[in-house]
Amino acid sequence: LSSVARVGCMSIETAALDVPTMRARLDRLRQEAYKAGVASVVVAPGSDLLYLIGIGGSSYERLTAVAR
């Protein structure tokens, strides 16, 4: 399940938050990045971010992203 919330002029898509699943997805991302020798990962708003942390967000002319 997902829903869309409006914050000012932005819309943010959210998924039902299952903390163990989200942690497992982040752990897998960290492991795969480490194995590939990648020091940082940038995930922009959209379906990838929604899948990864449960928040989708919207794209604008300025980059909005999660980096680790």
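Asp27 is partly exposed, because its relative accessibility of 37% falls in the intermediate class (buried means under 20% relative accessible area, exposed over 50%, and partly exposed in between, with a 1.4 Å probe and protein chains only). In this predicted model, the side chain of Asp27 forms a salt bridge with that of Arg30, with a distance of 2.8 Å from N to O (a salt bridge being a side-chain nitrogen of Lys or Arg within 4 Å of a carboxyl oxygen of Asp or Glu). Arg30 is likewise classed as partly exposed, at 40% relative accessibility.

The search of the whole structure returned 2 salt bridges. Besides the pair described above, the side chains of Glu32 and Lys35 meet in a salt bridge, at 3.2 Å from N to O. Glu32 and Lys35 both belong to helix α1, where 3 residues, about one turn of the helix, lie between their positions. Glu32, at 38% relative accessibility, counts as partly exposed, whereas Lys35, at 62%, counts as exposed.

Thr21 is also located in helix α1, and with 27% relative accessibility this residue counts as partly exposed. The C-alpha atom of Thr21 is separated by 9.9 Å from that of Gly54, although the two residues are 33 apart along the chain.

With regard to aromatic residues, Arg25 lies over the face of Tyr51, at 3.7 Å from the ring centre (a charge sits over a ring if NZ of Lys or CZ of Arg is within 6 Å of the ring centre and within 35 degrees of the ring normal). Aromatic pairs number 0 in the structure.

The mean pLDDT of the protein is 76, and 66% of the residues score at least 70, pLDDT being the predictor's confidence in each residue, from 0 to 100. Confidence is highest in helix α1 (residues 19-36), at a mean of 92, and lowest in strand β1 (residues 2-7), at 52. Where pLDDT is low, the predicted coordinates should not be read in detail.

Residues are numbered from 1 along each chain as its sequence is written, and side-chain values use heavy atoms, with hydrogens and water left out. As the model is predicted, local features need pLDDT of at least 70 and side-chain atom pairs count only at pLDDT 80 or more, while totals for chains, interfaces and linings use all residues.

Definitions and conventions. Rings of Phe, Tyr and Trp (its six-membered ring) pair if their centres lie within 6.5 Å; planes under 30 degrees apart count as stacked, over 60 as edge-to-face and the rest as tilted. Helices (H or I, at least four residues) and strands (E, at least two) are DSSP runs, numbered from the N terminus.
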